[in-house]
Amino acid sequence: MRTPTVPQINTAAGGSMTGDILLMILYLVLILVGAYYATRLFARMAQRGVLLGGGKNAFRPGAYITLIDRLAVDKEHSVLLIKVGEDYYLIGMGEQVTLLEKLGALPEDVVAQAEAPAPGVFKDMLDAWRDRGKHEAE
C-alpha cells in the first residue's frame, strides 16, 4: 500500500513562492484595471448609440419625448403636455394614464411660450425676502 505524498511546489525553474504570489497579484491588478476600462468604454459606446445599432441619442433619457408643461389639478391628478417628435399630446395622469387628445402641431406662439424657460418666480421671492431685512433696517 502506498502512502500519500504531499505535493511539492516546483521551484526548480528558479522561481520562489514569494515571486509566484507577487506575479498572481500583478495579474489580478491587470485584470481589474482592464475590466474597469472596458466598462467605461462600453458605457461611452452606449451613450453614443454605437451599441445595438442605435442612433446618436439612443440611450439618453428624454431624447425623443419632452415634457412641455404640467398642471396639477389636485393632489393626485395632473394634466401633461408632451412632445413626441413633432406632435403634441395632452395626457391625463392619475390612477391611470389617459390620452386626452392628440394635438398635432401647435401654433408657433404657443410653442414658444410653452418651451420658454420658466420665469424666476422663486428667485424673485428669494430676492424680496433678502431685501426685506434691508428695508427694516432703514
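Modeller: Helices are DSSP runs of H or I with at least four residues, and strands are DSSP runs of E with at least two, both numbered from the N terminus. This is a predicted model in which local features need pLDDT of at least 70 and side-chain atom pairs count only at pLDDT 80 or more, while totals for chains, interfaces and linings use all residues. Residues are numbered from 1 along each chain as its sequence is written, and side-chain values use heavy atoms, with hydrogens and water left out.

Biologist: In what order do the elements of the protein chain run from the N terminus on?

Modeller: The protein chain has three helices and four strands. Read from the N terminus on, these elements give the order α-β-β-β-β-α-α.

Biologist: Which strands stand at the edges of the sheet, and why is one side of each left without a neighbour?

Modeller: Strands pair if DSSP finds at least two bridges between them. Four strands form an open sheet in the order E1-E2-E3-E4, with antiparallel pairing. One side of each edge strand has no neighbour in the sheet because each has a single partner strand; the edge strands are E1 (65-72) and E4.

Biologist: What is the average twist from one strand to the next?

Modeller: Axes are lines fitted to C-alpha atoms (for helices over the stretch in contact), and angles run from 0 to 180 degrees between N-to-C directions. In the open sheet E1-E2-E3-E4, the twist from one strand to the next averages 20°.

Biologist: Which residue takes a positive phi in the hairpin of E2 and E3?

Modeller: Strand E2 (residues 78-84) runs antiparallel to strand E3 (residues 87-93), and seven bridges join them. Within this pair, Ile82 stands opposite Tyr89 in E3. The hairpin has two residues between the strands, and a positive phi near 65° is taken by Gly85.

Biologist: Which residue in E4 does Tyr88 stand opposite?

Modeller: Six bridges join E3 to strand E4 (residues 97-104), and the two run antiparallel. Their hairpin has three residues between the strands. Across this pairing, the residue opposite Tyr88 is Gly104.

Biologist: How far apart in sequence are the parts that Lys102 and Asp87 tie together?

Modeller: A salt bridge is a side-chain nitrogen of Lys or Arg within 4 Å of a carboxyl oxygen of Asp or Glu, and the structure holds one. Lys102 forms it with Asp87, the closest N and O atoms being 3.8 Å apart. Lys102 lies in strand E4 and Asp87 in strand E3, so the parts tied together are apart in sequence by 15 residues.

Biologist: Which residues form the aromatic pair that is edge-to-face?

Modeller: Rings of Phe, Tyr and Trp (its six-membered ring) pair if their centres lie within 6.5 Å; planes under 30 degrees apart count as stacked, over 60 as edge-to-face and the rest as tilted. A search of the whole structure finds one such pair. At 5.1 Å centre to centre and 80° between the planes, the edge-to-face pair is formed by Tyr36 and Tyr37.

Biologist: Does Tyr37 count as buried or exposed?

Modeller: Buried means under 20% relative accessible area, exposed over 50%, and partly exposed in between (1.4 Å probe, protein chains only). Tyr36, at 44% relative accessibility, counts as partly exposed. At 53%, Tyr37 counts as exposed.
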